[in-house]
Amino acid sequence: MKGEGPVARDIRARLERAFAPSELSIEDDSARHAGHHHEGGVDGQAGGETHFNVRIVSRVFAGMNRLERQRTVNAGLSDLLAGPIHALSIQALAPED
């Protein structure tokens, strides 16, 4: 989406491909964590892309409990979680939630 950095765009592309969500919002929350050890962002650049809040609604999550949903999303983003992403808050819902 417009205004998203490269990490947020990568998150969006991966989640859309894996979950075909009916709703997806990605918020770069890095600015609220200024002063933290990982504030440097991608390749040590200032400006964040280290802390994100994700809200995703997908049929894939139907029948899963909260922990299963979190693990499923984390699995799809595992290399990003080992790299540029320092913190990820996930709200994963099924359409009926």
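Among contacts in the protein (heavy atoms within 4.5 Å) between residues at least 6 apart in sequence, 67% join residues at least 24 apart. The model is a predicted one, in which local features need pLDDT of at least 70 and side-chain atom pairs count only at pLDDT 80 or more, whereas totals for chains, interfaces and linings use all residues. Residues are numbered from 1 along each chain as its sequence is written, and side-chain values use heavy atoms, with hydrogens and water left out.

The pLDDT, the predictor's confidence in each residue on a scale from 0 to 100, averages 86 over the protein, and 80% of the residues score at least 70. Over residues 38-46 pLDDT stays under 50, and the model has 14 contacts beyond four places in sequence for this segment. Where pLDDT is low, the predicted coordinates should not be read in detail.

Three helices and three strands form the secondary structure, taken as DSSP runs numbered from the N terminus (helices: H or I, at least four residues; strands: E, at least two). From the N terminus on, the order of elements is α-β-β-α-α-β. Strands count as paired if DSSP finds at least two bridges between them. E1 and E2 pair in the antiparallel sense over six bridges, with Ser25 opposite Arg55 in E2. E2 also pairs with E3, in the parallel sense and over seven bridges; here Val57 stands opposite Leu93 in E3.

Of the 97 residues in the protein, 36% are buried, that is, under 20% relative accessible area, with exposed denoting over 50% and partly exposed the range in between (1.4 Å probe, protein chains only). E2 is mostly covered, five of its seven residues being buried. Beyond its neighbours within four places in sequence, Leu15 is in contact with Ala20, Pro21, Leu24, Val54, Ile56, Val73 and Leu77.

Asp29 lies in the loop between E1 and E2. This residue is buried, with a relative accessible area of 9%. With neighbours within four places in sequence left aside, Asp29 is in contact with His51, Phe52 and Asn53.
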